[in-house]
Structure formats: C-alpha cells, structure tokens
Amino acid sequence: MKKIVVILFVAIPVMVFSQVKPSIPKAEKALRENKIDEAKTIIDATTGSQEFMVDKKGQPTKNAAKAWYMKGLVYAAIDTSTNAKFNALDANAFASAKEAFEKAKEIDPKAAYFITDPVSQIPMLTENVNIYIAQKVFNKAYIEYKDKKNFKKAFELTEQTLYYIPNDTSILKNGGLYFGWSAEEWEKSIDLLNRYVDKGGKDPDAYLQRVIIYRDKLKNNEKALEMVKDGETRLPNNPDLPKYELDLYVKMNRLPDAKAAMEKQIKADPTNKESWYYLGVINSELKDFPSARKAYEEASKLDGQYFDAAFGVADIVYLDAKEVKKQMNQLGITAEDKKKRFELDKIYVEKLKVALPYWEKAEKLSPDDGKVLDNLMAIYQDLDNQPQVARITKHMKTLGLLD
C-alpha cells in the first residue's frame with residue numbers, strides 16, 4: 001500500500017472557546033494542530049448549522065460538501081488517534097467519518113479534492129488523503145492481529161481500511177489470507193480473495209486459499225472445484241492447483257472427469273511431469289494399472305529424480321507379487337494345497353525379484369521414506385536376504401520407525 005506524508009496533526013495545547021461559530025477553516029486549523037476535540041466542536045457546529053449548510057432554495061450551499069468532508073477528516077482523526085482522550089470523543093468514530101465522507105461525495109461526486117496543503121497550496125487529492133488514513137487504520141489492525149491476537153477486531157479494522165482504499169491488492173490479499181482466516185470469517189475471506197484475484201493479483205497462496213476454505217471450512221466441493229478451475233485459467237503453470245483438482249474429483253467420486261482433466265493438461269503440455277504423475281494416480285484409482293504404470297514411467301522419463309513417480313511404478317510392479325502371495329495364503333493344508341503352494345512360491349520369488357529393483361531405486365531417491373522401507377523389508381524377508389533385512393531394520397530403528 002502506498003504511503004504519503006500528510007501533516008495534519010501537530011501537538012499544541014487545547015484552547016477552549018466560549019462561543020462556537022460555523023467555520024471550516026477554523027476546524028481545519030484545529031485539526032492540523034492536533035486539537036481534535038476543538039476541531040470536533042467546530043465542525044459539529046458547522047455541519048449542524050442550517051444557515052451554513054443549506055441555501056434559501058433548500059439546496060446544499062457551495063461549502064456544504066467541504067464541510068462534510070472536513071467532518072469526515074476530524075472523525076477519522078478521532079478514530080485513528082493514539083490518544084485515548086480523543087478516541088473517547090466518539091465510540092463509533094469510523095461510522096461517523098464514513099457517513100460524513102459519503103455525504104460529501106453525494107453533494108459533489110466529481111470533486112477530486114476538498115483541501116489544499118497549507119504550505120505548498122497544492123490540492124491534496126482525496127485519493128491520497130484516503131491512503132494516509134487507510135495506513136493509520138491498518139496500523140491499528142496490525143497491532144490487534146500481531147500483538148493483541150484479537151483477530152475479530154483486526155479483521156473489522158481491515159474492512160475499515162478497505163473503505164478508504166477498496167482496490168488495494170495488498171490489503172485485499174492480507175485480509176483474505178491472514179486476517180480473515182484467523183478471524184474465521186470464511187465467506188468474507190472468500191470475497192476479499194475474489195476481489196484480489198479480479199484486480200489481477202497473482203499470489204498463488206490466494207488462489208489456493210479460496211479452494212481450501214470452500215473445501216475444508218464451508219464443505220462445498222463444487223465451489224472449491226470452481227475455484228480450482230478459475231485458478232488454473234489465471235495461473236496455468238501453478239503446480240498445486242491440479243493436485244487440488246484431483247483431490248476434489250476423488251472426494252466427489254468423479255474419477256473419469258479427473259482423468260479427462262489430466263489428459264487435457266498433458267495434451268497442452270506433455271513435458272509437465274506433475275500431470276503425468278496425477279494421471280497415474282487417477283488410473284490407479286480406476287484400477288487401470290497398465291495405464292497407470294505408463295503414466296508414472298512418462299513422469300520418470302521427464303525427471304529421473306522424481307520420487308513419487310518412481311514409487312508409483314514400484315507399487316504397481318509389486319502388485320503381481322502380492323496377488324501370488326494372496327493366492328498362497330488362501331490355500332489349505334492338504335497335500336494338493338501344499339504342492340500348489342510350492343509351485344506358487346517359485347512364481348512369487350520371481351515376481352519379487354522383478355519388483356525389487358524398483359523399490360531399491362525408490363530408496364535411493366528417498367532413503368528415509370517409511371513406506372519404501374516397509375516394502376523393502378517385506379521383500380528382503382521373503383527372499384531370505386538377511387544382511388539386507390538387518391540393514392533395513394537398523395535404519396528404521398534409527399528413524400524411530402521400529403522399536
């Protein structure tokens with residue numbers, strides 16, 4: 001958010017007037033001298049004067065809009081002051097300031113400025129004054145958020161900040177990502193993040209946050225999926241959004257849709273290893289293991305160090321051995337069953353030997369992965385490779401995976 005230097009408040013002792021007359025210049029002077037209580041008294045008298053604010057035809061006078069604007073400035077000062085005495089002048093100063101600013105805008109909607117710098121006599125654009133006020137309001141929000149952990153109040157002040165600078169992408173993003181999340185303002189957080197995205201914001205966390213809120217907090221998978229697709233359109237190279245798309249399709253039992261989405265992404269960019277990997281995951285869920293293996297292998301070709309893809313291939317190759325082992329476990333104790341078990345055991349050993357290199361490759365890529373070590377342990381045990389069993393056992397104990 002831009003910062004500007006506007007000298008409005010300088011500490012000078014308060015003077016007490018026995019009689020208050022309408023005067024915008026006097027209210028402005030008192031405000032600049034940080035006599036906020038005096039400024040309030042004068043500006044209240046000014047905007048409360050029928051003679052000053054309304055002409056003989058019942059229309060606002062030429063100074064009415066500026067009077068309301070000055071009242072907005074005075075009450076904004078009450079709202080943002082660090083002096084508790086001034087804060088006590090109006091318990092709902094933001095609402096009073098907002099009402100006054102809106103009245104000024106209603107009377108003169110085309111005005112670019114209402115006041116001038118007292119030194120340079122250069123007009124102070126309303127837009128720049130709003131930035132200054134917004135900074136002071138957001139400073140209060142940050143203190144409530146970081147120091148006081150009053151997340152509801154921090155979010156309320158963030159919304160007030162956005163009254164002054166509604167298009168500021170920094171506040172929109174932080175309000176949706178952090179302040180709204182901590183305050184558990186899910187719907188409002190979504191609104192801020194949507195506005196951030198619509199203003200061209202590119203922070204991927206903002207896109208992911210929308211998905212997470214809809215999926216996990218609002219339990220609306222359809223809207224979460226809508227956010228994923230919107231994000232994929234705006235951030236086509238984001239590696240995380242396809243993961244959420246896959247997760248949502250699985251949760252919604254829409255695996256064919258998930259497969260189609262991944263195939264579309266692969267067609268658009270066949271060099272994207274993530275798309276190939278997730279196509280493998282989807283095909284695995286669909287029990288199409290040959291297609292799943294092919295997809296995992298394509299991902300591995302693109303990146304020989306891609307652990308997840310290597311794990312996927314190893315897991316599928318291991319299925320053949322597991323199927324044989326399942327058949328063996330279903331046999332009884334008759335002579336015929338024993339003979340068949342003996343024959344199946346030979347096949348089982350050969351299947352294990354086929355699967356082993358894939359798991360050994362996975363171990364090289366991720367030596368501490370618990371699932372890899374579990375599977376290697378089982379294979380080595382069934383192949384009666386005791387030195388390797390001892391090695392794996394020792395390593396798993398070191399990792400705390402075995403007692």
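This is a predicted model: local features need pLDDT of at least 70, side-chain atom pairs count only at pLDDT 80 or more; totals for chains, interfaces and linings use all residues.
The chain is built with 20 helices and two strands. Its radius of gyration comes out at 34 Å, well over the 22 Å that the globule rule gives for 403 residues, so the chain is more spread out than a compact globule.

**Overall shape and contacts**
- Taken along the principal axes, the C-alpha atoms fill a box of roughly 115 × 45 × 40 Å.
- Look at contacts with a separation of 6 or more, and 54% of them come from residues 24 or more positions apart.

- As background, nonpolar side chains tend to be buried together in soluble globular proteins.
- The largest nonpolar core here has 60 residues, and V211, Y277 and W359 are the ones that touch the most other members.

**A look around Y277**
- Set aside the neighbours within four places in sequence, and Y277 is in contact with Y296, A299, Y306, D308 and A309.

**Surface and charge**
- The chain exposes about 22100 Å², and carbon and sulfur atoms supply 51% of that area.
- There are 64 positive and 61 negative side chains.
- The centres of the two charge sets lie 3 Å apart.

Definitions and conventions: Residues are numbered from 1 along each chain as its sequence is written. Side-chain values use heavy atoms; hydrogens and water are left out. Helices (H or I, at least four residues) and strands (E, at least two) are DSSP runs, numbered from the N terminus. The radius of gyration is taken over C-alpha atoms; the globule rule is 2.2 Å times the number of residues to the power 0.38. Contact means heavy atoms within 4.5 Å. Accessible areas come from the Shrake-Rupley method with a 1.4 Å probe; for residues, only the protein chains shown count as cover. Lys and Arg count as positive and Asp and Glu as negative; His and the chain ends are not counted. The place of a charge is taken as NZ of Lys, CZ of Arg, CG of Asp or CD of Glu. A nonpolar core is a set of buried Ala, Val, Leu, Ile, Met, Phe, Trp, Tyr and Cys residues joined through side-chain atoms within 4.5 Å. Buried means under 20% relative accessible area, exposed over 50%, partly exposed in between (1.4 Å probe, protein chains only).
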